[in-house]
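Please take a walk through the structure shown below.

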Amino acid sequence: MSISHTITLEINRYDPDTELSWIHTYQVEASGILRFVDVLRKINDEQDPTLAWPSSCEHAQCGSCGIIVNGKPLLACELLVKDAVEQFNTHTFKLKPLTIAPVLRDLVVDLEKAYDRVHKAKPYLIKPAPPHRDGDEYRISPKTLEIYSEATRCINCFCCATACISSHHHFLGPNTTMANMVRLMDPRERARKERMDILYREDGVYRCHTARACSFVCPKDIDVSHFLALGKEGKF
Amino acid sequence: MGKTLTVDSTSRCDVLIIGAGGAGLRAAAQIGEQRPGTSIIALTKVFSPQKSHTTTAQGGMAAVDPKDPVDRAIFHMFDTWKGSDCSADQNVIKKLCAIGWEEVVWLERHGMHFSRTEEGRIAKRPFGGHMLDFGETLAFRACYEADRTGKGIMDTVWAESLKYGVNFIGQCIATELLCKDGHCIGAIIFRYPEGKFFAILAKATIIATGGKTRMYLVSSNCRGNTGDGLALALNTGLPVMDLEAVQFHPTGMVGPGILASEALRGEGAILRNKDEEPFMERYAPTAKDLAPRDLISRAIIQEIREGRGLFHEGHNAHHVWLDLRHLPKEVHEKKIQEVCSFFKRFVGVDPEKDLCPVTPTAHYQMGGIPTNEFGEVQGDTHGIVPGLFACGEVAAASLHGLNRLGTNSLLELITMGRVTGEGVVEYLKDAKDPDGLPPDAGHIIFDQFSTYLHAQGKEKYAEIRDTLRNLMMEKVGIFRSEKSLLEAVDDLGELKERATHIPPGTTCMRTNQDLWQIWELNNLITVSMVIAQGALARKESRGAHFREDYPKRSDEFNYHTLVYMPKFNTVTFDKRPIDMSIFEAKGDHYELFDYIQREY
C-alpha cells in the first residue's frame with residue numbers, strides 16, 4: 001500500500017531578482033500515496049526552502065496548484081506518486097510552471113493576470129430574468145440544469161488553457177469560453193445578444209481548433225470541448 | 001544589514017475588505033447594490049477570490065422557507081441554540097434564521113446553480129442536528145448545489161463583486177491595522193509578488209479572513225488558513241472570543257484530512273467500527289449518524305480508544321469506516337460526485353464498493369473576532385471600534401456559540417456578509433476620509449519582518465510547524481485536560497522563541513515563500529496560545545470544547561470567553577454575557593431557549 005519510490009524531479013527554477021532561469025534536480029524518497037504537493041513540501045522541508053510552488057485547498061477544488069508534469073498540465077494536489085510512476089512509466093519527472101501567465105518564481109505563475117480573461121466572460125448574470133411570480137426562486141427543471149451543470153464545475157485552474165494550441169494566440173481560452181457558455185445555457189440570463197457577442201468576438205470560440213486537449217487534461221473530467229462545440233453550433 | 005522596509009505607496013478607498021471569501025464578497029455585493037459607486041478594495045491571499053476556501057464547502061446552506069409546509073424558523077432557532085450547547089447569542093440566532101431564506105433566493109437570483117427538485121424548486125437535504133418539531137425527526141433544510149455548495153456560493157458572490165467593479169488585490173496579506181483616535185482607518189498590506197508593503201486608507205474596513213485550523217495535524221483547511229485575521233486583531237490590542245471552541249469534523253479522509261461532507265450521511269451513509277457495527281446508535285439513539293459534529297467526533301475517538309477502530313498503515317493513522325455502499329448509483333453520480341471522486345483519487349477506494357476510512361479533522365472555528373449583530377467589531381466589553389467590521393468564520397457574532405451545526409456556516413457567511421454590508425453603508429453616511437497615514441504606520445510590522453529576514457540560528461521552519469501541529473492535535477484537540485493544556489502553553493512559549501531563530505532560505509523579497517510562511521507560522525503560534533489559554537480557563541465541557549477533568553457543562557461558565565493578548569502570552573481574560581433575548585421575550589416555546597439539557 002505504501003511502497004516507497006525514489007523519484008527524480010527536474011524542476012524549472014526562476015529567480016525574479018536576478019532574472020536567472022535554470023533546472024534544479026532533486027532526488028526524493030517518497031511514499032507512493034504522497035501527492036505531488038506533499039513531495040514539493042518535502043523538498044522545502046528537507047532539501048531546499050527556496051523552491052516556490054503554488055497551492056491552496058490541496059484537494060482539487062480551488063485550482064491553484066496547476067503545473068506541467070512531463071508535458072501534461074495537471075493539479076499537483078491530485079497526482080499521487082504511485083499513479084505518476086504508473087501513468088508516465090518513469091521515475092523521472094520534469095516539472096514546469098503553467099505557460100498561461102508570467103512566472104513569478106519557480107513554479108508560481110501570476111494566475112491573477114490569467115484571471116483577466118475570465119473576467120471578460122462576465123461570469124455573472126448580466127441581465128437576470130424577472131423573478132418568479134411567487135417572489136421566490138426561478139424554477140429550473142433538473143433536466144435543463146443537467147445540460148450545463150458539468151460546465152459549472154470548472155475551477156479555472158487553466159490546465160486546459162495551457163494545453164490548448166490556440167489559447168496562447170488570440171483566443172480567450174477554453175475555460176473562459178465555457179464560462180460564457182454556462183450563462184448562455186442558463187435560462188435566467190436575458191442578455192443573450194451580449195453573450196453571443198462575447199462568444200463570437202475576434203478572440204472567441206472560432207479560434208478553437210477542436211484539438212480537444214482541454215477535455216483530455218481537465219482535472220475535473222469536464223468535457224470542455226463539448227461545450228465549445230455547442231457554442232460553435234449555436235446550440236444553447 | 002540589508003534593506004530598510006518602507007511603505008511603498010498609499011492608496012485610498014471607501015471600503016477595504018480584508019479577505020475576499022464568501023462573507024467578504026457578500027458584503028461587497030451588498031454595498032455595491034445598495035450604494036453604487038462606492039470604491040471597494042478586496043484583498044485576498046490567493047490568486048483570485050474564486051480560489052478562496054469557501055469554495056471547498058460541500059453540503060449545503062440551512063434556511064427555512066417561510067412557506068414550507070412542515071419546517072419553521074423557530075425549529076431552526078431551537079436546533080441552533082441546542083447545537084451550540086446553550087452558548088450562542090439568541091439575538092443573532094433569531095435574526096439570521098429569519099433572513100436565511102431571503103439570502104438563498106438572493107443567491108439563486110444572482111445566478112447560483114442550486115440542485116433542483118422535479119418541480120424545479122431548490123432541493124433540500126437533511127443535515128446533522130437539524131430537526132422538525134424541536135428535535136423529533138430530521139428536517140430537509142439544507143439547500144445545496146450537489147456537494148459543491150461552497151463553490152456555487154463563492155462563484156456567485158465573486159461574480160457579483162466583479163459586476164460592481166470591486167477592485168481585487170490578490171496574493172497579499174494585511175499585516176497591520178491602521179488606527180487613529182480609536183477609529184480604524186485601513187491597513188498596511190504586503191504583496192507577495194513584489195515583496196513590498198503598501199498602505200490602504202479606508203473609511204471602513206471589514207475583516208473577513210476566514211478560518212484557521214492549520215495548526216492541527218489533521219485539518220480540512222487550506223494551506224493559507226493560518227489565523228491571520230485573528231492575529232491581526234490580537235496585535236492591535238483587540239479581544240478575540242471563544243477560540244477554545246474548535247470544531248473537529250467527524251469525517252475527514254484518512255491522510256490529507258480532506259472533508260468528506262456530512263451530506264454523505266445526510267444521503268444515508270453510516271459510520272461503522274472495525275466489527276462493522278453502526279456504532280452511532282449507541283451514542284445518539286435518535287439522531288444516530290446525523291447527531292451534531294462534536295458528539296460524533298468524540299464517539300469516533302472513543303471507539304478507537306476502546307479498540308474498535310482500525311489502523312491505516314499507509315497514512316499511519318487510526319480511523320473508522322464510512323459506509324456508502326448501499327446508496328443508489330444515482331446518488332453517487334449526481335449528489336455526491338465530488339466527494340466520491342476525492343475518495344477515489346486521494347485514498348484509492350471506490351465508495352460504491354469499498355468502505356471508506358475516515359477520522360476527525362480540524363475543520364472550523366466557532367469563535368473569532370467578537371462583533372455585535374450588525375458586524376461591528378467589539379473593542380472591549382463596552383463599545384465598538386468605529387470603522388471596523390468583521391464577518392464570516394473569522395468573526396463571532398455569535399451564531400454558533402461553542403458548537404456549530406453543519407450548513408449553518410454558509411448561512412452565517414452569507415447572512416452576516418449582507419448584514420455587515422448594510423452596516424457599512426449606514427456607517428459611510430457620516431464617515432470622513434482619513435487624514436493620512438499615522439506617523440508610526442508600519443513600524444511594528446517592519447521590525448517583525450526585519451527580524452524574520454535577519455534571523456540567525458539553526459531552527460527549521462518545518463520542524464517547528466510539525467511540532468506545533470502534533471502538540472495541538474494531542475494536547476488541545478478533541479479531548480483536553482488541565483495537564484495537557486498546561487503542557488501545551490509551555491510548549492507554545494518555547495516554539496515562539498524557537499521561531500525567532502529560523503534563518504530564511506533567501507532574503508530576496510519577491511515571491512519569498514519562506515518569509516511568507518514564517519509570518520504565517522507566527523500567526524499560528526499566537527492563535528494556538530489563545531486557544532490553549534481559553535481552553536485552560538473554561539473548566540467545563542460544552543459543545544466542541546471537552547475537558548476530561550470537567551466532563552459536564554457548568555452554569556458557572558454561561559458566558560463567552562474574551563481574550564486579549566497584545567504581546568505574546570500576556571493574556572487578559574474578560575467575559576461577554578450570552579444573549580438570551582428569545583428566552584427573555586417569553587413568547588411561544590420560550591422555555592426551550594433556557595439552559596436546556598442537550599441529548600440527541
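In this predicted model, helix α14 of chain B, residues 482–498, packs against helix α15 of chain B, residues 513–537, at an angle of about 160°, with the two axes 9 Å apart. Angles over 145 degrees count as roughly antiparallel, so α14(B) is roughly antiparallel to α15(B). The crossing of this pair is left-handed. On the α14(B) side, the residues that meet α15(B) are B:Glu482, B:Leu485, B:Leu486, B:Ala488, B:Val489, B:Leu492, B:Leu495 and B:Lys496. The α15(B) side of the contact consists of B:Ile525, B:Ser528, B:Met529, B:Ala532, B:Gln533, B:Ala535 and B:Leu536. By class, the contact of α14(B) with α15(B) has 11 nonpolar, 2 polar and 2 charged residues.

Helix α14(B) also packs against helix α13 of chain B, residues 461–475, at an angle of about 170°, with the axes 10 Å apart. That angle makes α13(B) roughly antiparallel to α14(B). From α13(B), the contact takes B:Ile464, B:Thr467, B:Leu468, B:Leu471 and B:Lys475. Facing them from α14(B) are B:Ser484, B:Leu485, B:Glu487, B:Ala488, B:Asp491, B:Leu495 and B:Arg498. Here the classes are 6 nonpolar, 2 polar and 4 charged residues. B:Leu485, B:Ala488 and B:Leu495 take part in the contact with α15(B) and also in the contact with α13(B).

How is chain B divided into domains? Domain 1 covers 251–360 and domain 2 covers 443–550. Taken over C-alpha atoms, the centres of domain 1 and domain 2 of chain B are separated by 30 Å. The contact takes 5 residues from domain 1 of chain B and 5 residues from domain 2 of chain B. On the domain 1 side, helix α8 of chain B, residues 293–305, supplies the largest share, 4 residues. The side of domain 1 of chain B that touches domain 2 divides into 2 nonpolar, 1 polar and 2 charged residues.

Chain A is likewise divided into domain 1, here 4–109, and domain 2, here 111–233. The centres of these domains of chain A, over C-alpha atoms, are 29 Å apart. Their contact takes 17 residues from domain 1 of chain A and 14 residues from domain 2 of chain A. On the domain 1 side, strands β3 (66–69) and β4 (72–75) of chain A are the elements that give two or more residues. The largest share of that side, 4 residues, comes from β4(A). By class, the side of domain 1 of chain A that touches domain 2 has 11 nonpolar, 4 polar and 2 charged residues.

Chain A has a helix pair of its own to look at. Helix α6 of chain A, residues 174–185, and helix α7 of chain A, residues 192–199, have axes that come within 10 Å and cross at roughly 155°. This crossing angle makes α6(A) roughly antiparallel to α7(A). α6(A) passes α7(A) in a left-handed crossing. A:Asn180, A:Arg183 and A:Leu184 of α6(A) make the contact with A:Arg192, A:Arg195, A:Ile198 and A:Leu199 of α7(A). The residues of this contact divide into 3 nonpolar, 1 polar and 3 charged.

Next comes the contact between the chains. Chain A gives 47 residues and chain B gives 50 residues. On the side of chain A that touches chain B, β6 (103–105), α3 (111–120) and α4 (142–148) of chain A each supply at least two residues. Which element gives the most to that side? It is α3(A), with 4 residues. By class, the side of chain A that touches chain B has 20 nonpolar, 14 polar and 13 charged residues. The model scores ipTM 0.97 and pTM 0.97. Chain B averages a pLDDT of 96, and 99% of the residues score at least 70.

Two points of backbone geometry remain. Most residues other than glycine have a negative phi, and most peptide bonds are trans. A:Asn70, in the loop between β3 and β4 of chain A, has a positive phi, near 45°. In chain B, the peptide bond from B:Ala397 to B:Ser398 is cis, with omega near 20°. B:Ser398 lies in the loop between β21 (395–396) and α11 (408–428) of chain B.

Technical notes:
Residues are numbered from 1 along each chain as its sequence is written. Chains are lettered from A and ligands numbered from 1 in the order in which they are written. This is a predicted model: local features need pLDDT of at least 70, side-chain atom pairs count only at pLDDT 80 or more; totals for chains, interfaces and linings use all residues. Domain bounds come from an automatic or database domain assignment. Two residues are in contact if their C-beta atoms, placed from the backbone, lie within 7 Å. Ala, Val, Leu, Ile, Met, Phe, Trp, Tyr, Cys and Pro count as nonpolar, Asp, Glu, Lys and Arg as charged, and the others, Gly among them, as polar. pLDDT is the predictor's confidence in each residue, from 0 to 100. Axes are lines fitted to C-alpha atoms, for helices over the stretch in contact, and angles run from 0 to 180 degrees between N-to-C directions. Angles under 35 degrees count as roughly parallel, over 145 as roughly antiparallel, 65 to 115 as roughly perpendicular and the rest as oblique. A crossing is left-handed if the near helix is turned anticlockwise from the far one by less than a right angle, and right-handed if clockwise.
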